[in-house]
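Hi there,

As promised, I am handing the structure over to you. Have a look first, and my notes follow below.

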Amino acid sequence: MIYKRSSALFVEAQKVIPGGVNSPVRAFKAVGGDPIFVRKAKGAYLYDEDGQQLIDYINSWGPMILGHAHPSVVSAIVDKAQKGTSFGMPTEIETDIAKLAISMVPGIDKIRFVNSGTEACMSAVRLARGYTKRDKIIKFAGCYHGHSDSFLIQAGSGAVTFGAPNSPGVTEGTAKDTLLATYNDLENVKDIFEANPNEIAAVIIEPVAGNMGCIPPIAGFLEGLRKLCDDSDTLLIFDEVMTGFRLAKGGAQELKGVQADIVTFGKVIGGGLPVGAFAARDAIMNHLAPIGPVYQAGTLSGNPLAMAAGLTMLTEINNDAQLFKRLEEKTAYLHEGIQNALDKHSIVHTINRLGSMISVHFAKEAVVDFKTAAKGDNDTFKKFFHGLLEEGIYIAPSAYETWFITDALTYDDLDKTIIAVDKVAKQL
Ligand code: KE4
């Protein structure tokens, strides 16, 4: 593979954008080398600025679950753009996508649209604090809920990739209200509740973690959190920015049969345009301005163009009864192929998978939380990443991320990927 033009563009970008990127995880800091610049994408394939085709396992970190430049999504955006892109006034399409999302997701009566997953999670925490009149929240080490101050305490994703879990700029005052728990450790959460009686506004969690690699909840964990929250009048917030509309129509709530009090969304719900959202039952959502005291706002929230992309995406998903079965089968096929290839070359590894989320960890023991995820061998991961890239396979440039399977992937693409893994494993 050659990266002449990507590297030249990276030099230019770094002159005017910090690190040459608008989001740190894109900068390849965790794997080394220059990031690849994309010229265009279609279906399961990226075409980089050196004219090379790559099979894409990031899919914009989740949104492109049906593949890049999906025809109906593109035409919905084009049609809408010709009627004006933003008014700062209510439009009918916002009601349409709200009704559809509410019909797909269990236990929500109302939804508010924002512009990113960060904004959705930040607003959900403010709403929970306003509703309960309490200050403290519990988050889990390795979970990432966006870059709002309250969350940059042992966050996952890019924040942990840099090994600087607590970001400068987050004040002591803010940090003291964020209590840190261990994922999949119910006893630890119970201890935190006991140490902070009646002080905890919310527990926020990725119901299936995706920002320390993919880490599913162990049996009973989510149910246990639900009970702890009920017993303390604490709200349970499911951050489904990654899992929403990806693990099932109704996301992790449907798949795991556990009902959160507030659910946040991003990625898929925007169909590739900037959309986040948070939703809950009436009793909670009616606390939001303009009908309630909790303030939250946004110039481009509910933007008609983004709503057109999101509504088309959700409609496609809602109407395709076989989508999640196909995604599950393709991911299982890939899982088995990768496992066999790595085993054949005696590469110590463990693979975590749930639905269309999968991650490869070069670790001996099971990866069930941030600590065990951090035991993965990063040097091996770097070689794995670049080896696959050389074979035209683009996976997340960090061991703390998840691969996102898109329905546009064919079994031929999966076979090519498995063959590439075999070739790379031989060199590891
Ligand atoms: P955004 O603000 O990046 O739209 O969403 C933040 C967020 C919230 N919750 C979860 C579970 C998330 O995974 C994310 C964002 N995910 C990362 C990738 N793991 C976004 C990639 C990036 O930071 O560029």
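Let me begin at the start of helix 4, where a side-chain oxygen of Ser116 comes to within 3.4 Å of the backbone nitrogen of Thr118. Please keep in mind that this is a predicted model. Helix 4 covers residues 117–132, and its 16 residues should span 22 Å at 1.5 Å a residue; the end C-alpha atoms are 22 Å apart, so the two agree. The buried residues of helix 4 include Gly117, Thr118, Glu119, Ala120 and Cys121. After the helix comes Lys133, with a positive phi near 60°.

A polar backbone atom of Gly117 is 3.0 Å from an oxygen atom of the ligand, and an N or O atom in the side chain of Thr118 is 2.6 Å from a ligand oxygen. Asp239 takes part as well, with a polar side-chain atom 2.7 Å from a nitrogen atom of the ligand. On its own the ligand has 530 Å² of accessible area, and the protein covers 87% of that. Altogether 17 residues surround the ligand, the closest being Ser23, Thr118, Asn211, Asp239 and Glu401.

**The nonpolar cores**

Which residues touch the most other members of the largest nonpolar core? They are Tyr57, Ile138, Phe140, Phe245, Phe384 and Trp403, out of 107 residues in that core. Another core, of 21 residues, lies apart from it, and Ala120, Ala202, Leu235 and Phe278 are among its members.

Leaving out residues up to four places away in sequence, Trp403 touches Tyr57, Leu334, Ile338, Ser356, Met357, Ile358, Ser359, Val360, Phe384, Leu388 and Ile395.

Phe384 and Leu388 lead on to helix 14, where both are buried, along with Thr380, Phe381, Phe385, Gly387 and Leu389. Helix 14 runs over residues 378–390, and its 13 residues reach 18 Å from first C-alpha to last, close to the 18 Å expected at 1.5 Å a residue. Asp377 caps its N-terminal end, with a side-chain oxygen 2.9 Å from the backbone nitrogen of Asp379. Following the helix is Gly392, whose phi is positive, near 85°. The elements that cover the buried residues of helix 14 include strand 3 (53–56), helix 12 (323–344), strand 12 (357–361) and helix 15 (411–427).

**Some buried residues**

Helix 12 is also the place of Thr331. Thr331 has a relative accessible area of 0%, and because buried means under 20%, it counts as buried. Its side chain reaches the backbone oxygen of Leu327 at 2.6 Å, and a polar atom of that side chain lies 3.4 Å from the backbone oxygen of Gly355. Not counting residues up to four places away in sequence, Thr331 touches Arg353, Gly355, Ser356, Met357, Ile358 and Ile405.

Leu225 sits in helix 8 (residues 221–232). At 0% relative accessibility, Leu225 counts as buried too. Setting aside neighbours within four places in sequence, Leu225 is in contact with Phe140, Leu186, Val189, Ile205 and Leu236. For a sense of scale, Leu225 and Ala248 are 23 residues apart in sequence and 21 Å apart in space, C-alpha to C-alpha.

**Backbone points to check**

Most residues other than glycine have a negative phi, and most peptide bonds are trans.

- Asn59, in the loop between strand 3 and helix 2 (71–81), has a positive phi near 50°. Asn59 is buried at 0% relative accessibility, and beyond its neighbours within four places in sequence it is in contact with Met64, His68, Phe404 and Thr406.
- Phe245 lies in the loop between strand 8 (235–239) and helix 9 (251–256). Its phi is positive, about 60°, although Phe245 is not a glycine. Phe245 counts as buried, at 1% relative accessibility.
- The peptide bond from Ala289 to Pro290 is cis, with omega near 10°. Pro290 lies in the loop between helix 10 (282–285) and helix 11 (304–319).

Terms used
Residues numbered from 1 in each chain as written. Predicted model: local features only at pLDDT ≥ 70, side-chain atom pairs only at ≥ 80, totals over all residues. Heavy atoms only, no water. Core = buried A, V, L, I, M, F, W, Y, C linked by side-chain atoms within 4.5 Å. Buried < 20%, exposed > 50% of the residue type's maximum accessible area, 1.4 Å probe, protein only. Contact = heavy atoms within 4.5 Å. Helix = DSSP H or I, 4+ residues; strand = E, 2+ residues; numbered from the N terminus. Expected span 1.5 Å × (residues − 1). Polar contact = N/O pair within 3.5 Å; in protein donor to acceptor, adjacent residues only side chain to side chain. Near = heavy atom within 4 Å. Areas by Shrake-Rupley, 256 points an atom, 1.4 Å probe, with all protein chains shown as cover.
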